Amino acid sequence: AHCSPVCVPGSVIQHSARFPYYCIIFHLFYIFYAAYVNSCQLVLKHRTSVSMNFFRGVITGQATGPQPTGAETIQKLCDRVASSTLLEDRRDAVRALKSLSKKYRMEVGTQAMDHLINILQTDRSDSEILGYALDTLYNIICNDEEEEQDESEDENAQKQTDDLGAQFTEKFIQDPEHITLLLTLLEEFDFHVRWPGVKLLTALLKNQGVQVQGIVLVSPMGVSRLMDLLADSREVIRNDGLLLLQQLTKGNAAIQKIVAFENAFERLLEIISDEGCSDGGIVVEDCLLLLLNLLKNNSSNQNFFKEGSYIQKMKPWFEVGDDNSGWSAQKVTNLHLMLQLVRVMVSPVNSPGATASCQKSMYQCGLLQQLCTILMATGVPADILTETINTVSEVIRGSQVNQDYFASVNAPSNPPRPAIVVLLMSMVNERQPFVLRCAVLYCFQCFLYRNQKGQGEIVSTLLPSTIDANSISAGQLLCGGLFSVDSLSNWCAAVALAHALQDNLTQKEQLLRVQLATSLGKPPVSLLQQCTNILSQGSKVQTRVGLLMLLCTWISNCPIAVTHFLHNQDNVPFLTAQISENLGEDERLVQGLCALLLGICIYYNDNSLENYTKEKLKQLIEKRIGKENFVEKLGFITKHELYSRAALKPQPIFPSPEQMLFDHEFTKLVKELEGVITKAVHKSSEEDKKEEEVKKTLEQHDNIVTQYKELIREQDAQIQELKEQVASMTTQTDQMQATISQQLSQIQQHKDQYNILKLKLGKDSQSQPSTQADGSQVNGLQTEELSQLREELEELRKQHTLLQTQVGDKDALIDSLKSAAQTSESSGGGSANTELLQELEALKSQVQSQLADINQLKTERQELLRRAEAGAADAAPSSDGTSDAIKELESRLSAQMSETERLKESQAGLEQQLASATSTVAILQTEKSKLQSELQESKKEQDDLLMLLADQDQKIHGLKQRLKDLGEPVEDEDDIDAREQTSDEEDEDED
């Protein structure tokens with residue numbers, strides 16, 4: 001029997017880290033079996049073909065003649081693949097090409113690629129030859145070297161080898177159908193086809209990712225086929241499928257969205273949970289890398305992740321035990337990626353609304369609490385602790401609820417200390433790692449970002465009334481770091497304190513009260529004075545830059561702080577001396593910051609000090625520095641290379657402590673003030689006076705406009721109340737119409753019942769027999785009944801006449817209301833009156849229809865009475881009636897009497913309905929007259945207000961035009977309203 005040789009895929013060992021143990025045992029057995037089969041083939045030389053004898057000699061190393069070159073051997077094998085009609089021959093040739101593909105990569109790739117692709121297209125029924133072909137293509141396309149290169153190998157040769165993969169990949173994807181064919185092969189369940197196909201597509205994506213992504217994206221069900229790999233029960237295919245999806249989703253938002261909506265989040269989280277979360281192996285790392293690809297810079301996927309409640313499923317990842325010693329390198333890597341995943345969801349570069357929503361979810365599900373537990377735990381590796389601090393920072397940034405929770409967290413110490421204090425102790429400790437100190441500074445900045453409550457708590461720890469000598473507070477640590485000998489501590493403490501004052505005028509004024517005891521026997525000095533003293537002593541550049549940033553943030557937009565700063569006679573001469581000197585390159589940044597500080601003193605000066613008014617400071621600059629030189633020195637700040645780097649992201653990321661010079665929020669302040677300070681320095685005293693006069697006039701007019709706006713708001717409220725009243729009246733009218741419709745239905749029911757009785761009565765009168773009875777008894781009985789009916793008929797006629805009179809009065813009233821409505825419409829009346837008149841007309845028509853129904857009922861009753869009298873006249877001559885005829889007549893009379901009583905009751909009900917309609921008409925008339933009077937008054941007041949507003953708008957326009965002519969920037973009301981709307985939206989986002 002023939003036994004074909006079996007070749008083990010060469011990349012099995014490469015993926016052993018992802019391979020189950022039972023698969024390793026299976027492949028060892030597979031290798032032994034292959035060796036046995038190959039030895040059998042050497043013994044059983046049953047082939048007669050000369051070419052196949054030569055081929056067997058190449059494989060077994062038993063060649064009898066001269067050894068052919070590799071290129072010749074590959075050429076013959078390619079001819080065999082192309083010309084052989086037997087599947088077995090082609091399979092042997094492809095297997096031989098696979099064995100030569102690593103050593104002769106160039107030759108196999110150039111000569112055999114087309115034949116191998118043809119095998120994939122034609123021999124789809126044989127999984128073994130498909131596996132050999134895919135493995136061969138993978139070997140020639142993949143750039144990963146499995147064998148160590150010789151040390152003497154030239155670098156150019158190595159580069160050329162790496163380029164081979166890109167060249168062969170480009171050749172393979174020239175026809176997009178090749179990728180489609182490969183995607184089709186991935187649907188095969190056979191292990192020897194699916195696994196090499198996954199590896200080949202991954203190699204193609206590594207070499208030519210953008211082109212392959214485009215082909216997969218337009219391929220029908222292309223991404224869905226690849227997602228099925230995650231559901232494969234064979235772990236080696238599932239794990240390599242993760243690597244494939246990582247390459248596929250890199251930098252392609254469209255594919256990322258498709259993968260996310262193919263339920264990728266659910267599958268990946270399940271794999272992470274099954275593998276043991278942070279304690280899992282490299283598979284967890286692959287899943288986390290794929291999740292980062294799907295979520296980073298993809299707002300659609302981030303929203304889908306949040307709406308799918310997947311944030312809540314992240315909480316178990318961060319459940320660490322009490323014993324945190326001996327963390328493996330894989331666990332550190334996994335937890336680091338998990339923290340990065342949390343940061344992606346709350347990154348400051350995301351939209352504020354999406355970030356706030358994710359922050360809220362993380363607090364509600366307990367994820368923030370879990371992160372704070374890791375933050376305060378012992379034995380956590382340093383890099384994990386640093387990344388956890390950065391993660392907590394962005395989870396609490398700008399979220400008041402999360403910031404309040406973080407302020408309440410205490411470290412597990414004796415006595416317990418707030419987490420903020422413990423972190424600040426690390427920040428001002430020069431023995432701590434640099435990255436850790438940067439992370440603590442970022443955490444402190446995020447805690448104070450848009451958190452006026454937290455800013456007040458930090459500043460209050462510096463005030464004399466709240467200082468506790470027995471405990472360490474945040475303020476004490478900041479002061480200690482501010483005046484430390486370590487320049488990095490100085491800079492970090494200065495920036496942290498500046499964030500406690502950011503956009504908070506109250507705390508800027510409160511910080512002026514802080515007094516410091518510099519040494520025994522000397523009076524205390526203010527914190528502001530001590531900062532300027534250290535600045536003038538000529539310390540390190542990093543220290544001076546930090547102090548100048550603190551001072552600029554402190555006195556900006558705070559005239560009282562500017563006055564305190566100028567009150568010290570040494571400050572202004574020091575600043576002018578620093579700016580005017582020609583110093584080295586390192587001192588240029590300090591000069592620029594000094595110019596900024598002096599410019600703030602000019603711009604926010606309230607002229608309360610005679611020696612340092614705006615005009616005198618500008619004269620001082622012109623004499624000692626020069627305006628052009630001052631502006632040039634001010635521009636040194638934005639021209640610095642580290643300025644633009646700090647302006648990119650809020651997080652302070654620096655490669656070394658020496659480059660830690662700028663703060664992100666300070667760059668915003670510089671951008672805001674540079675232009676206005678330049679204009680303020682160039683203005684003359686006359687322009688300043690005119691500007692102040694115009695500002696005062698504008699303030700007065702703004703006050704007037706504000707008053708009118710309030711008045712208009714009050715009138716709008718009144719108009720709204722009137723509209724509500726009209727709405728309530730409309731509702732009442734609808735209810736009345738519903739009642740009338742019910743009454744009409746009842747009347748129709750009565751008419752139907754009456755018609756039925758009339759028909760019955762007509763039949764009885766036709767079938768009445770001509771009988772004789774006692775004439776005197778019958779005449780006496782019917783005469784008495786007829787007299788009663790006539791009396792009732794007379795009463796009904798009187799009531800009818802009275803109702804007609806009332807209806808006439810109502811018609812006259814309605815006509816008068818109609819004429820009044822026409823008059824109000826000609827004088828500009830509102831649409832509400834027209835609607836009321838239409839409702840009155842409808843009521844009138846309904847009342848008339850009811851009266852017509854009543855008249856018809858009365859007519860029919862008279863007809864009944866006439867028939868009864870005629871029947872009595874016909875029965876009088878007959879004197880021979882029987883007792884049966886008398887009983888019949890008595891029953892008929894009693895029926896007529898009951899019908900008459902029922903008609904009386906119905907008439908009484910109709911009269912009551914008419915009375916209620918009459919009262920409703922009167923109420924509506926009263927409300928209408930009241931609304932007309934109020935409408936006329938409100939129109940008159942609005943006309944007066946419009947005239948006043950037009951006059952004020954003309955005056956304001958003239959004043960603004962004067963300001964523009966003077967060169968002053970004037971904001972329109974549209975710009976102001978837009979800014980107010982923006983600030984309102986930001987406040988709503990924070991809530």
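This is a predicted model: local features need pLDDT of at least 70, side-chain atom pairs count only at pLDDT 80 or more; totals for chains, interfaces and linings use all residues.
**Exercise 1. Composition of the chain**

Task: State how many helices and strands the chain contains, and what percentage of its residues count as buried.

Solution. 
Step 1. The chain contains 41 helices and four strands.
Step 2. The chain has 991 residues, of which 45% count as buried.

**Exercise 2. The largest nonpolar core**

Task: Identify which residues have the most contacts inside the largest nonpolar core, and which helix supplies its largest share.

Solution. 
Step 1. The largest nonpolar core comprises 211 residues.
Step 2. Those with the most contacts inside this core are Leu 201, Leu 226, Trp 317, Phe 318, Phe 406, Trp 554 and Leu 596.
Step 3. Helix 22, spanning residues 434-448, contributes twelve residues to this core, which is the largest share.
Step 4. Examine Leu 226 in detail. With neighbours within four places in sequence set aside, Leu 226 is in contact with Leu 183, Leu 186, Leu 201, Val 216, Leu 244, Leu 245 and Leu 248.
Step 5. As general background, nonpolar side chains in soluble globular proteins tend to be buried together.

**Exercise 3. Packing of helix 19 and helix 20**

Task: Describe how helix 19 and helix 20 are oriented to each other, and which residues make the contact.

Solution. 
Step 1. A pair of packed helices is described by the angle between the axes and the distance between them.
Step 2. For helix 19 (residues 382-396) and helix 20 (residues 400-408), the angle is about 135 degrees and the axes are 8 Å apart.
Step 3. Angles over 145 degrees count as roughly antiparallel and those from 65 to 115 as roughly perpendicular; helix 19 and helix 20 are therefore oblique to each other.
Step 4. Helix 19 makes the contact through Val 392, Val 395 and Ile 396, and helix 20 through Asn 402, Gln 403 and Phe 406.
Step 5. By class, the residues of this contact are four nonpolar, two polar and no charged.

**Exercise 4. Buried residues and their partners**

Task: For Ser 101, Leu 185 and Val 259, state where each is found and which residues each contacts beyond four places in sequence.

Solution. 
Step 1. Ser 101 lies in the loop between helix 4 (87-100) and helix 5 (105-122). Its relative accessibility is 0%, so Ser 101 counts as buried. The partners of Ser 101 are Val 108, Thr 136, Asn 139 and Ile 140, leaving aside neighbours within four places in sequence.
Step 2. Leu 185 belongs to helix 8 (residues 176-185) and is buried, with a relative accessible area of 0%. Not counting residues up to four places away, Leu 185 touches Leu 120, Arg 124, Leu 130, Leu 134 and Val 193. Leu 134 is 51 residues from Leu 185 along the chain, and their C-alpha atoms are separated by 10.0 Å.
Step 3. Val 259 is in helix 13 (residues 253-274) and counts as buried at 0% relative accessibility. On the same exclusion of residues up to four places away, Val 259 touches Val 223, Met 227, Thr 249, Ala 264 and Leu 294.

**Exercise 5. Backbone features in loops**

Task: Locate the loop in which Pro 415 is found, and determine whether Asn 297 and Asp 503 are buried or exposed.

Solution. 
Step 1. Pro 415 is situated in the loop between strand 1 (410-411) and strand 2 (417-418). The peptide bond joining Asn 414 and Pro 415 is cis, with omega about -5 degrees.
Step 2. Asn 297, in the loop between helix 14 (282-295) and helix 15 (299-307), has a positive phi near 60 degrees although it is a residue other than glycine. Asn 297 counts as exposed, because its relative accessibility is 69%.
Step 3. Asp 503, in the loop between helix 25 (487-501) and helix 26 (505-511), has a positive phi near 55 degrees. At 67% relative accessibility, Asp 503 also counts as exposed.

Definitions and conventions. Residues are numbered from 1 along each chain as its sequence is written. Side-chain values use heavy atoms; hydrogens and water are left out. A nonpolar core is a set of buried Ala, Val, Leu, Ile, Met, Phe, Trp, Tyr and Cys residues joined through side-chain atoms within 4.5 Å. Buried means under 20% relative accessible area, exposed over 50%, partly exposed in between (1.4 Å probe, protein chains only). Helices (H or I, at least four residues) and strands (E, at least two) are DSSP runs, numbered from the N terminus. Contact means heavy atoms within 4.5 Å. Axes are lines fitted to C-alpha atoms, for helices over the stretch in contact, and angles run from 0 to 180 degrees between N-to-C directions. Angles under 35 degrees count as roughly parallel, over 145 as roughly antiparallel, 65 to 115 as roughly perpendicular and the rest as oblique. Ala, Val, Leu, Ile, Met, Phe, Trp, Tyr, Cys and Pro count as nonpolar, Asp, Glu, Lys and Arg as charged, and the others, Gly among them, as polar.
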